[in-house]
Amino acid sequence: MRVLFVASELFPYVKTGGLGDVMAALPRAMRVLGADVRLLLPAYPAVCDAVTLQGEVTALPDLMGGGPARILRAEAPGLPLYLLDQPAYFERPGGPYDQPEDLAHRFAALAWAGAYLGRSGDVAGWRPEVLHGHDWHTGLMPAYVAYGSGPRPATVMTIHNIAFQGRFSSALLNDLWLPSQALTPEGVEFHGDIGFLKAGLRLADRISTVSPTYAREIQVAGGHGLEGLLAHRSGDLHGILNGVDRTVWNPARDPHILSRYDLRHPGRRAPNRPDFQRRMGLQEDAEAPLFAAISRLDPLKGLDLVLDNVDHLVRQGGQLAVLGTGDPHAEGAFRQAAQRHPGRVAVFIGYDEILAHRAFAAADVILVPSRQEPCGLTQLYAQAYGALPLVRRTGGLADTVVGATPATLAADTATGFQFDWANGLALGEAINDALALFRDPATWRQVQRRGMATEFGWEGPARAYLELYATIPPKGD
Ligand code: ADP
Ligand code: GLC
């Protein structure tokens, strides 16, 4: 099976969140199963500097108004790549989604390049049977396939976050190389605009998202306006959970943490705590329950509920470490909380991959109070590292954490804590549950062990994607 993934992130070169992690792990896991999966992404300088370039597939004098563009073949370790090399769009400072003035053009260019490879293949004659786009950045790809000519590969669209949809003025239709007949509800039109994700969800043969619960939620509420379309396509929509890449997230082999440990040597986890506390400027208190949040500061992540609980947590003897960046208001509020509680609350505003590893290896509890969470990876990393996730029961958080209750503790299935309502009071109660369990070290260790023993491997999800492709009837050329 030949599959081309198309996406805008790839860990460790370009990552703003979980999408980068998934693009690094899932295609490789599918390759292990024998599928020839390759990935097309923009030729960001950080990618070009790190991978081996292998020659040109095609060159265009102009793509989407951004001037000359080339599609290159390249190789990352264990993953064949295609890179869309278009300096005007992809060689610039800042993050991949900065500079909104040509955001639509940039990602239309990426989607078009994906459709090109899907129809024409590369110089060596490799042509994908399945074109698999991820998130709104690639939403127009099924449209370019549908309105183009030539062989038509199967198309799959995965929603990693439906809150981001890529909605732009319909005046851009020609600029984005779309035919006028595309601007209908059956095509790319969305409330009078062009909806990138909407187009993908309307036109792809199959749709997936990253957890079964989120797949249900986005059809009823929480679909950010796309509920109707998704309910209509319910039979084609599948929820497949993400996994943990054990080559990156494994406390037994993690080069970034002070003391490596595993299920058989959980005691070796202990030195990581004072090391992390020191680095963060927290008191080296061996007794305090240490809570941490590692997150984009986005309203949907629910970190405001944590802000509501800072004083409570500190009064109860806890410590809090926050690693995050995003909403300036939330950044400021966390900075103030740290000033109010020196040594007890510490905040790192920014993005630091290594510090994140250290936090998972040191914290007792990882807070994930999301209002919505398609899958979420931090609660999985927490379990792998022996920190107990405390999560709101939504999306993938509901599917991957077993909340501690008398029944789940008795059955030894509990792996963390869950709460339902998205408010500070409900989170406060869950924090109290965590504090109470923390005072019972034997039971705490039981929950910790259960989490560390949970696999969350990528093999199962990789198989599920291949099975999903197999449900698509063959295309005539
Ligand atoms: P999302 O993709 O919505 O941001 P996920 O939980 O799927 O949420 O993935 C988040 C990823 O980003 C994880 O790998 C997490 O460790 C990482 N991350 C988030 N914030 C930071 C930060 N401030 N520093 C380092 N890593 C971070
Ligand atoms: C998105 C979601 C997150 C998910 C990640 C990878 O960024 O917000 O829940 O884990 O994509 O699929």
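Modeller: Ligand 1 lies between domain 1 (2–243 + 459–470) and domain 2 (266–453), because both give residues to the shell around it; the domain bounds come from an automatic or database domain assignment. This is a predicted model, in which local features need pLDDT of at least 70 and side-chain atom pairs count only at pLDDT 80 or more, while totals for chains, interfaces and linings use all residues. Residues are numbered from 1 along each chain as its sequence is written, chains are lettered from A and ligands numbered from 1 in the order in which they are written, and side-chain values use heavy atoms, with hydrogens and water left out.

The shell holds 20 residues, and K15, G18, D21, R296 and K301 are the closest; a residue is near a molecule if one of its heavy atoms lies within 4 Å of it. Six of the shell residues are nonpolar, seven polar and seven charged (Ala, Val, Leu, Ile, Met, Phe, Trp, Tyr, Cys and Pro count as nonpolar, Asp, Glu, Lys and Arg as charged, and the others, Gly among them, as polar).

Polar contacts are pairs of N or O atoms within 3.5 Å. A polar backbone atom of G18 is 2.6 Å from an oxygen atom of ligand 1, and a polar side-chain atom of K301 lies 2.8 Å from an oxygen atom of the ligand. A polar backbone atom of L323 is 3.5 Å from a nitrogen atom of ligand 1. Of the 570 Å² that ligand 1 exposes when taken alone, the protein buries 93%; these accessible areas come from the Shrake-Rupley method with a 1.4 Å probe.

Terms used. Polar contact = N/O pair within 3.5 Å; in protein donor to acceptor, adjacent residues only side chain to side chain.
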